[in-house]
Amino acid sequence: MMNTKHWLAFAAVAAAAVIGGLATGHWMHGDAGAPTADTETAAATRVDAVDALWSADVTDVDGKPQTLASFKGQKIVVNFWASWCGPCVKEMPELVALSHEYAKKGIRFVGLGVDSDQNVKTFLQKVKVDYPIFVSGYAGADLARNFGNTAGALPFTVVIDENGKIRETKLGEIEPAELKKTLDAL
């Protein structure tokens with residue numbers, strides 16, 4: 001019989017494998033799956049997800065209330081992250097570099113901290129990010145779920161075109177070459 005320590009280690013590895021499998025499946029299949037009877041419902045839900053994002057109550061890093069409505073009508077990459085999320089922290093410099101590279105194409109990057117104002121502010125004092133960062137608190141997990149992130153895991157990245165159409169979602173750390181393919185197609 002396994003002792004508690006071994007059982008917890010096994011459970012952690014199993015959970016990581018499940019999340020990794022879900023993330024890989026989601027990334028590989030994206031929106032290109034076969035049409036289903038729920039296609040119209042899914043499309044409506046995804047439009048609602050974009051509208052919910054634009055109207056969500058967020059704050060800037062100083063705690064002042066904001067919305068993302070000013071990004072409506074623009075090509076945008078929204079990255080849901082948290083200061084305590086290792087893969088989120090690891091991908092941040094790549095996202096900063098991509099934001100510089102794609103600024104000339106009019107593609108904006110936005111970080112949405114699923115964290116506390118103080119944690120985000122402290123993090124940004126250590127790691128320089130020059131694209132807009134907003135704080136959603138843990139309500140950001142609900143926003144991400146609207147885009148299909150049923151696991152509620154981070155990081156989670158969404159690419160939205162200027163018409164409000166979701167062009168790609170990515171659960172887990174970004175692969176810069178894959179994200180570039182999506183951005184080049186915008």
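**Packing around helix α4**

Modeller: Start with helix α4: its buried residues pack against β3, α3, β4 and β5. Buried means under 20% relative accessible area, exposed over 50%, and partly exposed in between, with a 1.4 Å probe and protein chains only. Helices (H or I, at least four residues) and strands (E, at least two) are DSSP runs, numbered from the N terminus.

Biologist: What should I know about the model itself?
Modeller: This is a predicted model, where local features need pLDDT of at least 70, side-chain atom pairs count only at pLDDT 80 or more, and totals for chains, interfaces and linings use all residues. Residues are numbered from 1 along each chain as its sequence is written, and side-chain values use heavy atoms, with hydrogens and water left out.

Biologist: Back to α4. Which residues are buried there?
Modeller: Val120, Phe123 and Leu124 are the buried residues of α4. They sit on the same side of α4, because they cover an arc of only 95° around the axis. That arc is taken from the directions from the helix axis to the C-beta atoms.

Biologist: And which residues are exposed on the other side of α4?
Modeller: Gln118, Gln125 and Lys126 are exposed there.

Biologist: Now the strands. How many bridges join β3 to β4?
Modeller: Seven bridges join β3 to β4, and the two run parallel. Strands count as paired if DSSP finds at least two bridges between them.

Biologist: What about β4 and β5?
Modeller: β4 pairs with strand β5 (residues 133-135) over three bridges, in the parallel sense. Leu112 stands opposite Phe134 in β5. From β4 the chain crosses through α4 to β5, and this β-α-β crossover is right-handed. Right-handed means that, with the strands pointing away from the viewer, the path from the first strand over the helix to the second runs clockwise.

Biologist: Which elements go with β3 and β4 in a β-α-β unit?
Modeller: Helix α3 (residues 86-103) does, and the unit it makes with β3 and β4 is right-handed.

Biologist: Why is β4 largely enclosed by the rest of the structure?
Modeller: Because six of the seven residues of strand β4 (residues 107-113) are buried.

Biologist: New topic. How many aromatic pairs are there?
Modeller: A search of the whole structure finds five aromatic pairs. Rings of Phe, Tyr and Trp (its six-membered ring) pair if their centres lie within 6.5 Å; planes under 30 degrees apart count as stacked, over 60 as edge-to-face and the rest as tilted. Phe80 and Phe156 form a tilted pair, 5.9 Å centre to centre with 45° between the planes. That pair links distant parts of the chain, since Phe80 is in strand β3 (residues 75-81) and Phe156 in strand β6 (residues 156-160), 76 residues apart.

Biologist: Is Phe80 buried or exposed?
Modeller: Phe80 is buried, with a relative accessible area of 0%. Phe156 is buried too, also at 0%.

Biologist: Which pair involves Trp81?
Modeller: Trp81 and Phe123 form a tilted pair, 5.0 Å centre to centre and 45° between the planes. Trp81 lies in strand β3 and Phe123 in helix α4 (residues 117-126), so the pair ties together parts 42 residues apart in sequence. Both Trp81 and Phe123 are buried.

Biologist: Last one. Where is Leu143?
Modeller: Leu143 is in helix α5 (residues 139-146). Leaving aside neighbours within four places in sequence, Leu143 is in contact (heavy atoms within 4.5 Å) with Ala52, Leu53, Ala56, Phe80 and Leu112.
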